[in-house]
Amino acid sequence: MFFHDCFIRGCDASLLLDSTPGNKAEKDGPPNISVRSFSVTEDAKAKIEKACPHTVFCADVLAIAAIDVVAMVHHSFFFLYI
C-alpha cells in the first residue's frame with residue numbers, strides 16, 4: 001500500500017481518499033486495483049487519533065505500517081526515530 005501511495009503523486013496518503021461523484025480517487029484507479037485492506041489502515045488511524053488527537057497524519061500511519069510489515073516478514077526489528 002505504501003508503494004502504491006508513493007508511486008502516483010508522492011507519499012501523501014492520497015491513496016486512502018474515497019472517490020466522489022465528480023472525482024475518481026487513486027484507490028479506484030487501474031494501477032491500484034490490487035490494493036486491499038484499507039480498513040486495517042483506517043482502524044489504525046482511528047485508534048491513533050483517539051489517543052493523540054490531531055497529531056499523526058495518515059501518511060505517517062502508512063509509513064510506519066510499511067516498516068512494521070518489513071520487520072515482521074524479515075524477523076528483524078529496528079528503531080525508527082521520528
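Residues are numbered from 1 along each chain as its sequence is written, and side-chain values use heavy atoms, with hydrogens and water left out. Because the model is predicted, local features need pLDDT of at least 70 and side-chain atom pairs count only at pLDDT 80 or more, whereas totals for chains, interfaces and linings use all residues.

A search of the whole structure finds one aromatic pair, where rings of Phe, Tyr and Trp (its six-membered ring) pair if their centres lie within 6.5 Å, and planes under 30 degrees apart count as stacked, over 60 as edge-to-face and the rest as tilted. The pair is formed by F3 and F7 and is tilted, at 5.4 Å centre to centre and 35 degrees between the planes. Both residues lie in helix 1, four residues apart, about one turn of the helix; helices are DSSP runs of H or I with at least four residues, numbered from the N terminus. Both F3 and F7 are exposed, that is, over 50% relative accessible area with a 1.4 Å probe, protein chains only, and the value for F3 is 56%.

The largest pocket holds about 270 Å³ of space, a pocket being an open set of points on a 1 Å grid over the protein atoms alone, where a 1.4 Å probe fits, with protein on both sides within 12 Å along at least five of seven lines; lining residues have an atom within 4 Å of a point. Of its 13 lining residues, M1, V40, T41, A65 and V69 are the closest to the centre. Helix 3 provides the largest share of the lining, five residues.

Notes
Buried < 20%, exposed > 50% of the residue type's maximum accessible area, 1.4 Å probe, protein only. Points joined across faces, edges and corners; volume = space filled by probe spheres on them. Helix = DSSP H or I, 4+ residues; strand = E, 2+ residues; numbered from the N terminus.
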